[in-house]
Amino acid sequence: MPEPLTAPAPAKINLVLEVLGKREDGYHDIATVIQTLELADVVTLNFDCEPGLTVTGRFASGTPADAGNLVTRAANELGRIVGRDGGSLHITLDKRIPAAGGLGGGASDAGTILRLLHRAWHEVTDGQLLESGIAVGSDVAFFLIGGTARATGRGERVQSLPDIVEHGVVLFVPPDTLERKTARLFAALDELPFDDGSVAGAFVANPPERLSSADIFNAFERVAFDMFPGLATLWEDLENRIGEPIRLAGAGPTLFWIGPPGEAASVAARAQGLPCTVIETRTSPSLWRP
């Protein structure tokens, strides 16, 4: 029986996130530049335990521990494609990424389980990994690569980019989120002019050597502060305390600061006492590139 396999599943932030328009299939076309973080869940794949899913860790609450979890769906989908029984495995998630915060934790867990199964099931090809990931969720394709990458389409077409230099990142996680938040934010953007992809294009063509929060672009900021209760007040209080722009992570409600690594601890300290969980981390390169 193979030994258990374990790997981190990193969180992400979007350095650029443009929404280009709504498609006939109901999805939206996007142009985004995504970056993985040092903050990560830990995924363990066991072959000699009773099949199932165990969720532990600081942010286990709010994470489904059943067949609806993306990590279980990914294992089952890859098993279906290659003729294996994905349901015969036991998966343990140590949740260190806040759930439903815009940080990609569920999709990252799914990408990591696919990579672990790639190690265990030697016949699996990269194409089958990608097919499985896209079937589960658009963001999973990015987490099969990680690091710094550009994603287009509905997020499933991913182009690896040169790693940016290390930056400090501080996350500010509000206590509450919204039901069906991503769909509701996309619907709100449908009432406004869409983006044209030029911000992501400019970033890829001439990436900044050093980023600050002022360099970040997220189309969801046009609607998120009106939709998440209390988020606008938290954002204003953070900017007043820190004296720099604070940005939205993905579809939120997590907010973040990015800048020199040596300044992150001071930024985190200035946010203490506000109604949010403060997490200090940093950018990280890909775990999977050759």
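## Helix pair

A crossing is left-handed if the near helix is turned anticlockwise from the far one by less than a right angle, and right-handed if clockwise. Helices (H or I, at least four residues) and strands (E, at least two) are DSSP runs, numbered from the N terminus. The model is predicted: local features need pLDDT of at least 70, side-chain atom pairs count only at pLDDT 80 or more, and totals for chains, interfaces and linings use all residues. Residues are numbered from 1 along each chain as its sequence is written, and side-chain values use heavy atoms, with hydrogens and water left out.

α1 passes α3 in a right-handed crossing. Their axes (lines fitted to C-alpha atoms, for helices over the stretch in contact, with angles from 0 to 180 degrees between N-to-C directions) come within 9 Å and cross at roughly 135 degrees. α1 is therefore oblique to α3; angles under 35 degrees count as roughly parallel, over 145 as roughly antiparallel, 65 to 115 as roughly perpendicular and the rest as oblique.

In contact (heavy atoms within 4.5 Å) are Leu70, Arg73, Ala74, Glu77, Leu78, Ile81 and Val82 of α1 with Gln128, Leu129, Glu131, Ser132, Ala135 and Val136 of α3. By class, this contact has 8 nonpolar, 2 polar and 3 charged residues. Ala, Val, Leu, Ile, Met, Phe, Trp, Tyr, Cys and Pro count as nonpolar, Asp, Glu, Lys and Arg as charged, and the others, Gly among them, as polar.

## Pockets

On a 1 Å grid over the protein atoms alone, a cavity is a set of points where a 1.4 Å probe fits but cannot get out, and a pocket is an open set with protein on both sides within 12 Å along at least five of seven lines; lining residues have an atom within 4 Å of a point. Grid points are joined across faces, edges and corners, and a volume is the space filled by probe spheres set on the points.

The largest pocket has a volume of about 1,400 Å³. It is lined by 49 residues, with Leu70, Ala107, Asp139, Lys181 and Thr182 closest to its centre. The elements that each supply at least two lining residues include β1 (5–22), β2 (28–46), α1 (70–82) and α3 (126–136). The lining comprises 21 nonpolar, 19 polar and 9 charged residues.

The second largest pocket holds about 250 Å³. Of its 15 lining residues, Ser61, Pro98, Ala99, Pro174 and Pro175 are the closest to the centre.

## Cavity

The whole structure has 1 cavity of 30 Å³ or more. The largest cavity holds about 50 Å³, and its lining has 6 nonpolar, 5 polar and no charged residues. Among the lining residues are Pro10, Thr36, Phe143 and Trp288.
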